[in-house]
Each structure stands twice: as C-alpha cells, then as structure tokens.
Amino acid sequence: MNEVLNFIKSRFKVDCNWTTGNCFYFAKILEARFSGGSIYYDVIDGHFIYCYKGNYYDYNGIVEMNGRKLIAWDRFKDYDKNVYERVLRDCIN
C-alpha cells in the first residue's frame, strides 16, 4: 500500500473535521511526516491538500484532480492577496 495512505489509515481513524475546517492542519501533518511535498489550496472547493511524489492527499486519501484549480500555498498571497487574508483569518488563525 502507498506509504501516505497507510499512514492516514493507521493514524487517523476518527475524522476530526479534517476535510471541513481542519484541512490545512491535516496537510501540515502530512508535510511534517512526508517532507519534500507541497501544500496546495483548491480555489474552487476552498480546500487544502498535500502533494507528495505526484499524488495529492487529504484525509480521505488520494484526491482526484477533476476540475480543481490548485495554487501552491506558499505562492498564494501573490495569486490573490484578499482571498489569502480571508483564508488566514477564517481557516488558519
């Protein structure tokens, strides 16, 4: 099994709003465990995901890219400063 999927399945048996309010923090957990990837923000769904070795992940596992508009979080402020500040206020802080 994929190492990231195995990690998610074995460590996160209870959904603590990982896709509905805590997705940024779940992406940070994956980033801390599987370094070398990047956190992305899905502009369409308002959702954070983690990209590692070519796959995108959230609490549910591999995220399909059907129609998603992803922006790397570390460059998001340059993409849309107003949305960046709103996401910081409403989702992260």
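**Nonpolar cores and strand pairing**

In this predicted model, the largest nonpolar core comprises 24 residues, and those making the most contacts inside it are V4, F26, L30, F34, F48, Y50 and W73. A nonpolar core is here a set of buried Ala, Val, Leu, Ile, Met, Phe, Trp, Tyr and Cys residues joined through side-chain atoms within 4.5 Å, where buried stands for under 20% relative accessible area, with a 1.4 Å probe and protein chains only. Two or more residues each are contributed to this core by helix 1 (3-11), helix 2 (23-33), strand 1 (38-42), strand 2 (47-52) and helix 4 (81-92), the elements being DSSP runs numbered from the N terminus, of at least four residues for helices (H or I) and at least two for strands (E). Helix 2 gives the most, with 5 residues. Apart from this core lies another, of 6 residues, among them Y40, C51, Y56 and V63.

Leaving aside residues up to four places away in sequence, Y50 is in contact (heavy atoms within 4.5 Å) with residues including A27, L30, F34, I39 and Y57.

Strand 2 pairs with strand 3 (residues 55-58) in the antiparallel sense over 3 bridges, pairing being assigned if DSSP finds at least two bridges between two strands. Y52 stands opposite N55 in strand 3, and the two strands form a hairpin with 2 residues between them, where K53 in the turn has a positive phi of about 50°.

Residues are numbered from 1 along each chain as its sequence is written, and side-chain values use heavy atoms, with hydrogens and water left out. Local features need pLDDT of at least 70 and side-chain atom pairs count only at pLDDT 80 or more, whereas totals for chains, interfaces and linings use all residues.

Terms used. Buried means under 20% relative accessible area, exposed over 50%, partly exposed in between (1.4 Å probe, protein chains only).
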